[in-house]
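Subject: A structure for you to look at

Hello! I am handing over the structure below, and my notes on it follow. Please open it alongside this email as you read.

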Amino acid sequence: MEHVSSKQQISSYIIQTQEEEIKRIALELHEGVGQNLYSILTGLKVLETGVIKPHMKMYAREMSQLLEMTIQEMRLLTIELHPPTLPTLGLVPAIKSYIKLYTSTFGIMVDIESIGEEKQITEKNNIAVFRVCQEALANIAKYADTSNVKMNFIWKEDTLKINICDFGRGFLIEEHVGNLQTSGLAAMKERMHLAGGDCIISSKIGEGTSIELSLPLR
């Protein structure tokens, strides 16, 4: 029992360290690199107005457009790494923000519904639940062969429940027991377990996969 507790503490420490590093990189991209690129873009547009030769003006415009695309891609990467709305606005707004990026990338529509009043969650558990939802959506994009996902957030006084259903091809869980580590399913269960919650995965061939997350709020 003591050995299990020690292992959980180590896992929790590793995950927390990784999250702090990811957050640092995301902030650096947003505050440092992003601001510098935006300053370069502004300078390029000023230069473009002063260029007389048509082919040089066209070249400057193409460079500006390329830089605008780079800034947009970096902004999306920042959201994927650590959404800025998570600590400020909460879990559901952060998931909605991520889903915009997800749908534009994979073409999968996600119908999200939140029932009840969103409750305060610790930063550690907030990021844990966000990562599990992120992993679930990534797995759907890789394996489910579907274009429709439904997510329900159900807020109660002492519990948050989240259901994620993909209506895709489904799979036989018993055939994937040995591959859980590589599929990311084990990581999802481990994160929820370390947060004090639970993660139940069920699936049927031809009917899709359902993931039920529960997190105590007290």
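Let me start with two helices that touch: Lys124, Ala128, Val129, Arg131, Val132, Glu135, Ala136 and Asn139 in H5 meet Leu185, Met188, Arg191, Met192 and Leu194 in H7 (contact means heavy atoms within 4.5 Å). By type, the residues in this contact of H5 with H7 are eight nonpolar, one polar and four charged (nonpolar covers Ala, Val, Leu, Ile, Met, Phe, Trp, Tyr, Cys and Pro; charged covers Asp, Glu, Lys and Arg; the others, Gly among them, are polar).

Before going further, please note that this is a predicted model, where local features need pLDDT of at least 70 and side-chain atom pairs count only at pLDDT 80 or more, while totals for chains, interfaces and linings use all residues. Residues are numbered from 1 along each chain as its sequence is written, and side-chain values use heavy atoms, with hydrogens and water left out.

Back to that pair: the axes of H5 (residues 123-144) and H7 (residues 185-194) come within 9 Å and cross at roughly 160°. H5 is therefore roughly antiparallel to H7 (over 145 degrees; under 35 is roughly parallel, 65 to 115 roughly perpendicular and the rest oblique). Axes here are lines fitted to C-alpha atoms, for helices over the stretch in contact, with angles from 0 to 180 degrees between N-to-C directions.

Now for the overall picture. The protein has seven helices and five strands (DSSP runs numbered from the N terminus: H or I of at least four residues for helices, E of at least two for strands). Along the sequence they follow the pattern α-α-α-α-β-α-β-β-α-α-β-β. Taken along the principal axes, the C-alpha atoms fill a box of roughly 75 × 40 × 35 Å.

The five strands form an open sheet in the order E1-E2-E3-E5-E4, with mixed pairing (strands pair if DSSP finds at least two bridges between them). E1 and E4 (198-204) stand at the edges with a single partner strand each, so one side of each has no neighbour in the sheet. From one strand to the next, the twist averages 10°.

Looking strand by strand, E1 (residues 109-115) pairs with E2 (residues 148-155) in the parallel sense over seven bridges. Within that pairing, isoleucine 112 has methionine 151 in E2 as its bridge partner. E2 also runs antiparallel to E3 (residues 159-165), joined by six bridges, and asparagine 152 stands opposite asparagine 163 in E3.

What lies across E1, E2 and E3? Helix H4 (residues 91-106) does, running at about 170° to E1.

H4 also packs with H5, at an angle of about 20° and with the axes 11 Å apart. That makes H4 roughly parallel to H5. The H4 side of the contact includes Leu91, Tyr98 and Phe106, and the H5 side includes Phe130, Cys133 and Leu137. The residues of this contact of H4 with H5 divide into 14 nonpolar, two polar and no charged.

H4 has a further helix to meet: H2 (residues 54-81), whose axis comes within 10 Å of that of H4, crossing at roughly 130°. H2 and H4 are therefore oblique to each other. Leu76, Ile79 and Glu80 in H2 meet Ser97, Tyr98 and Leu101 in H4. This contact of H2 with H4 holds four nonpolar residues, one polar and one charged.

Happy exploring!
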